[in-house]
Amino acid sequence: MDEKTLKHKIENLSIWTKGDQRAPHKPLLLLYALARYQRDKIHNLSYLEVKDKLKKLLIEFGPQRRSYHPEQPFVRLTNDGIWSLNKSIEPKNIRNNYLMKNDLVGGFNPVVIQLLNRNPKLLEELADKILHEHFPQSIHEDILMAVGLEVGVKKRKTRDPMFRDKILRAYEYSCAVCGFNVRLGNHLVGIEAAHIKWFQLGGPDIEENGIALCSLHHKLFDRGVFTLTNKRQLIVAEDAHGTHGFDEWLMRYHGNPIREPVNPIYQPQETFLNWHVREVFKGPARYQTH
Ligand SMILES: [Zn+2]
């Protein structure tokens, strides 16, 4: 295997899918493994270590689920040709307890390690690839921090500058939540076009799947701190709290509709909003008094 093949394999991870549900298990495990390798040159990770760390990452950056399954990617990554285990595990035994009882150890296979050793820049390139393929840019830094990876995230050129223009125009160049619209000379600063359904999950670049948000509200939206109902009402998660800025930047908007686009045909589409509620929002919603 050469670097190109490795990148190809990383781009084509077989991800368990059911409709458009998010399954960030493998990407998060890979980022964690890259971080361990970068920090301590460790490439054999015990399942005992990984399970709690990965579960935390899944809770923080994955969709809300009734249960979380770190055992799945830990074993199933072997099918992608980049990961190996100290024992082979039959599919029926991919269970948390079984892996723990059998002291399972896993990690990048020797070929991958060799490639990582040969080219010190490769690790960063792989991390960059994984992030851009599975998560919106607004949360890349948060994920890197949480997994403990030290890489400079490349701010890529806007993937589709037309999308940004369309969305900003639809919302009159200001945040649809708070109205923020600071300019430096003729340039807008800190106003972004957010996808409602992430483009990584197939969300299209159209007005009905976007809203203009300031950098702060964009991040809060992509992290699931708030969502929008199909009546455009902003809803804050019950788990969100804070003493400074919480009321000013979130609770004062709770239950209220965000600003309307310039033309009703640009209204966010229900299917995209429902996706955000299901796959990104860290519900349940806060109690509403009005
Ligand atoms: Zn805002």
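A residue counts as buried when its relative accessible area is under 20%, as exposed when that area is over 50%, and as partly exposed in between (1.4 Å probe, protein chains only). His254, at 4% relative accessibility, is therefore buried. This is a predicted model, in which local features need pLDDT of at least 70 and side-chain atom pairs count only at pLDDT 80 or more, while totals for chains, interfaces and linings use all residues. Residues are numbered from 1 along each chain as its sequence is written, and side-chain values use heavy atoms, with hydrogens and water left out.

His254 sits in the loop between α11 (246-249) and α12 (270-279); helices (H or I, at least four residues) and strands (E, at least two) are DSSP runs numbered from the N terminus. A polar atom of the His254 side chain lies 3.0 Å from the backbone nitrogen of Val236.

Next comes the metal site. The zinc ion has Cys175 (SG), Cys178 (SG), Cys214 (SG) and His217 (ND1) as its protein donors, at 2.1 to 2.4 Å. Donors here are N, O and S atoms within 2.8 Å of the metal (3.2 Å for Na, K and Ca); water is not among the atoms, so sites may look incomplete. Along the chain, the donors of the zinc ion are spaced as C-x2-C-x35-C-x2-H. Two of them, Cys175 in the loop between α9 (161-170) and β4 (183-184) and Cys214 in strand β7 (residues 210-214), link distant parts of the chain, 39 residues apart. Both Cys175 and Cys214 are buried.

Then there are the charged pairs. Side chains of opposite charge can pair when their charged atoms come close. With a salt bridge taken as a side-chain nitrogen of Lys or Arg within 4 Å of a carboxyl oxygen of Asp or Glu, the count comes to 15 salt bridges. One of them joins Lys7 to Glu125 (2.6 Å, N to O), linking helix α1 (residues 3-11) with helix α7 (residues 122-134) across 118 residues. Lys7 is partly exposed at 21%, and Glu125 is partly exposed at 25%.

Asp142 and Arg223 also meet in a salt bridge (2.6 Å, N to O). Asp142 lies in helix α8 (residues 140-147) and Arg223 in the loop between α10 (215-222) and β8 (226-228), so the pair ties together parts 81 residues apart in sequence. Asp142 and Arg223 are both buried.

Conventions:
Polar contact = N/O pair within 3.5 Å; in protein donor to acceptor, adjacent residues only side chain to side chain.
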